[in-house]
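Me: I'd like to learn how to read a two-chain model, one feature at a time. Can you walk me through it?

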Protein chains: 2
Amino acid sequence: MKKGKPTIHDIARSLEIDSSTVSRALSDSARVSKKTKVRIVEKAKELGYQRNMIASNLRTNKSNTIGVIVPRISRQFFSRVISGIEETAYKGGYDVVIGQSLDTIEREKNLLQTFYSSRVDGVLISISMETTSFEHLEAYKNHGFPIIFFDRPCNVAGCTNVLIDDFKASFDSTEHLINEGCKDIVHFSGPQNLELYRQRAKGYMEALKKYGIEIRDHYIFESNLMQEDGEASAKKLLKLANVDGVFSANDVAAIGAMKYLKSKGIRIPDDIAFAGFSNELISEVIEPSLTTVNQRDVEMGIAATSLLFEQIKNKSGKIQQKEMLDPELIIRNSSKRKSTI
Amino acid sequence: MKKGKPTIHDIARSLEIDSSTVSRALSDSARVSKKTKVRIVEKAKELGYQRNMIASNLRTNKSNTIGVIVPRISRQFFSRVISGIEETAYKGGYDVVIGQSLDTIEREKNLLQTFYSSRVDGVLISISMETTSFEHLEAYKNHGFPIIFFDRPCNVAGCTNVLIDDFKASFDSTEHLINEGCKDIVHFSGPQNLELYRQRAKGYMEALKKYGIEIRDHYIFESNLMQEDGEASAKKLLKLANVDGVFSANDVAAIGAMKYLKSKGIRIPDDIAFAGFSNELISEVIEPSLTTVNQRDVEMGIAATSLLFEQIKNKSGKIQQKEMLDPELIIRNSSKRKSTI
DNA sequence: TTGTAGGCGTTATCAA
DNA sequence: TTGATAACGCCTACAA
C-alpha cells in the first residue's frame, strides 16, 4: 500500500482512464457512462477513497461550512440554539464550526478572523457582552461576508437579526405579575449597554404604565445577572417596603434571589411572586417552579441558519432583515398567587 | 476594487516582488529581509489580506482542526467536556468542529466520514448508545487516523480512552449510602450493552458484597435513564418491601424518581436516600439537593485533547492508552441521614 | 462519452 | 535574500 491517502489519480491509474472522468463519476455527473461509473465507484470503495474536501473546497471556493460564535457553549440556551443550527445545516449539507467568545471581544475578533480565513461560507453570531461597537463586524460585512446575528441584536445597517421580541415577553411577564395581584414589582435588569436588556426593562416599564403603576428607578436593579447577583439583589430588595413581585431578566438571578429569600422565611409566591427569563432546565425543578419565558432556542437556530443560507445563495447580502420569534410565557408556581380552587 | 479576496499575488504584484517572498514574509520566515517584510506586512494590512487557510491546508496537508463527536451537545456533561476541548485546542492553535450523533450509529458514521474527508487532524468521540460494534471506527484507525475515545469506553485494541473510574465512583457512592445506614439499596442501571453502565452496576454490587449485603437481581432496574424511566422505577420500587436507598446511574433518573416519591409523601433521605451520577446543574438545586458524582467533564476534555495532540504529533498512533480520571463524590442532602448535630 | 490542460492559493525546493 | 517553478488534489472548460 502506498503511504498517502488515495486520490482520484490512484483510481484513474488503476483503471487506466483519466482522473477527470473519475472526478465526474464521483460527483455523479451525467457525462460518464453507467459502466465506467460503476467501475470507478467500485474501485473507489476498494481503495477506501474519500474525497479530499480541502482540495475540493479550494477549487470550488466553497467550504460548505458555517461558523457559529456564542458566548459559551455550556449555557443551555445556546446549546439548544446550536442544536437547531446543526440540524438545519446538516440537512442543507453543511458542516458547523463552533467557537465560544467567553463574552470577550478579543476572542470574538479572533474567532471571526479564523472563520474568515478558513473561508467558512458564513457566520452566525451572538455577540459578546463586551461588544458595544461593531466596526470589526461591519468590516467583514462590507467584504461581502455573510453574517447573521441572533439573540443579541446588532443595530447596524445591513445586519440581519433573529431575535425574540424581548419587549413583548417582558411586558407580558410583568402584566402577568400584575394580574396576579402584584403592585410593587422590582426588576432585575442586565447591563444596560446591551440592547437586549434595555428592551426587557422597557417592557417592564410599559406594563407598569399601562396599569397606572408608578415607575420607580430604585426598583430597577442592574447587574450581570449571575446567581450571586440575584442573591445580592434579594438582600437589597428586603430593604424596600412592600415589594410583592420580581421580574428578573434571567432565570439564574431569579433563582439566586429565591434561594436567599426562602432561607429568610419569605414565602414564594405568597409574599413575593417571581418571574424569570430563559427557561433554564433548573427553573422547572426548583421549588416553587419558576415562571419564565421560552426564548424559542431551537427555532431561533433554525431560523438563523435558514436566513444565512438565503444570504449565501442570493449573494444579495445587503438586505437588512429582522426575524422576530414569538416568545412564550410559561406560567409556573412562583407566580401563581390566586387560589386555583 | 477587484472582486475576489486578495491573495499573496496581489500583494506581490503591487510591490513588484515575487509571491514566494510574500509567502515567506507572512509566515515570518528568517529568509526575508526585515525591510521587505515590513513592506509586505503593511501592504497586506492595507489590502485586507487574510491567508486562505484552505489553500494553505491543502499544500501542507494539515487542517489544524480537530473533530468532536458527542451524542448531544445540549447535555451539560458534554457541553462542559467540549469547553475543555475547545480551550485546549485554542491554546494549541487548533480549531474545533463539533457534531452530534444524537445517539444513533448512522449519524456517527456520517460525521466520521465528513470529518475524515475534510481532513481534520484527528477526532475525539464519545460513542453513541447504538454503537456496540466498532468496525467503522477500526477502519479509520487502521488508516492511521487519530481517534481518542472519551467518557464511553471503546474496548478495542489500539484505542486510547479517557474515562473516569466508573467502577470506583459507583462503589464509593454505594458505600456512602451504606454508611448512612442503608441496607436495601436499589440500583437504577443503564443499558447493559454499554461498558459504562456495566461498570457502574459492578461498583454497586462490589460495595454490597464488601458489607455482606445480599445482591438481589430484582433490585437492579435497567432502563434508558430518562426522567420518565426514573418515575417508572420509583413506582416499581414501592412494590418492594423496605427499600431505603437508591443508587442511580445518572441524575436524571434519580430526579424523576425523587419527584414521584415526594408526591407520594415519601421523605428523602429519611425514608429513602438517593445518590445519582453526573452532577447535572439541577441536582444542586432540587430539594433535597442530590448526592452525585462529578465526572470531571472539563478535565476530561483537556486530557482527551492533549492525548490527541500527542497522537497527532508522534504519528506513532498505535499505542493504546487509558487515562483514568478520579471521580469525585459530591455528598448532598438526598443521602445525609445521620443527624449532623 | 472521455481526455487534455490549466488553475484554485499556498508552500517547498531549487537555483540565482 | 530573492525568484522561478512545481506541486498539493480536485474541478471544469474545451477539445476530441
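Predicted model: local features only at pLDDT ≥ 70, side-chain atom pairs only at ≥ 80, totals over all residues.

Me: Okay, which residues of helix H1 of chain A are buried?

Reply: H1 runs over residues 8-15 in chain A, and its buried residues are A:Asp10, A:Ile11, A:Ala12 and A:Leu15. Part of their cover comes from helix H2 (19-26) and helix H3 (34-47) of chain A.

Me: How should I read a positive phi?

Reply: The general idea is that most residues other than glycine have a negative phi. A:Asp28 sits in the loop between H2 and H3 of chain A.

Me: Is A:Asp28 buried or exposed?

Reply: A:Asp28 is exposed, at 56% relative accessible area. Another case is A:Leu102, also not a glycine, whose phi is positive at about 50°. You'll find A:Leu102 in the loop that links strand E2 (95-100) to helix H6 (105-117) in chain A. A:Leu102 counts as partly exposed, with a relative accessibility of 23%.

Me: And how do I read peptide bonds?

Reply: As a rule, most peptide bonds are trans. In chain A, though, A:Glu287 and A:Pro288 are joined by a cis bond, with omega about -5°. A:Pro288 belongs to the loop between helix H12 (282-285) and strand E10 (292-294) of chain A. In chain B, look at B:Ile268 and B:Pro269: their peptide bond is cis, and omega is about 10°. B:Pro269 lies in the loop from H11 to strand E9 (273-275) of chain B.

Me: Now the pair of chains. What relates two copies in general?

Reply: Two copies of a chain are related by a rotation about an axis and a shift along it. Here, turning chain B by 180° with 0.0 Å of shift along the axis superposes it on chain A, with an RMSD of 0.1 Å. The two copies are therefore related as by a two-fold rotation axis.

Me: Why can you say that the copies meet through the same surface?

Reply: Because 98% of the interface residues of chain B are also interface residues in chain A.

Me: How much area is buried between them?

Reply: About 4,500 Å² is buried between chain B and chain A, and carbon and sulfur atoms give 55% of that. On the chain B side, the residues that lose the most area to chain A are B:Gln50, B:Ile54 and B:Arg119, together 15% of what that side buries. In terms of contacts, 45 residues of chain B touch 45 residues of chain A.

Me: What about polar pairs and salt bridges?

Reply: Between the chains there are 16 residue pairs in polar contact, both residues at pLDDT 80 or more. The salt bridge count is 4. One to look up joins the side chains of B:Glu87 and A:Arg107, at 3.2 Å from N to O. Among the elements that give two or more residues to chain B's side are helix H5 (76-91) and helix H11 (251-263) of chain B. By class, that side has 18 nonpolar, 16 polar and 11 charged residues.

Definitions and conventions: Residues numbered from 1 in each chain as written. Chains lettered and ligands numbered in written order. Heavy atoms only, no water. Least-squares fit on C-alpha atoms with pLDDT ≥ 70 in both. Contact = heavy atoms within 4.5 Å. Buried < 20%, exposed > 50% of the residue type's maximum accessible area, 1.4 Å probe, protein only. Helix = DSSP H or I, 4+ residues; strand = E, 2+ residues; numbered from the N terminus. Buried area = accessible area lost by both parts, 1.4 Å probe. Polar contact = N/O pair within 3.5 Å; in protein donor to acceptor, adjacent residues only side chain to side chain. Nonpolar A, V, L, I, M, F, W, Y, C, P; charged D, E, K, R; others polar.
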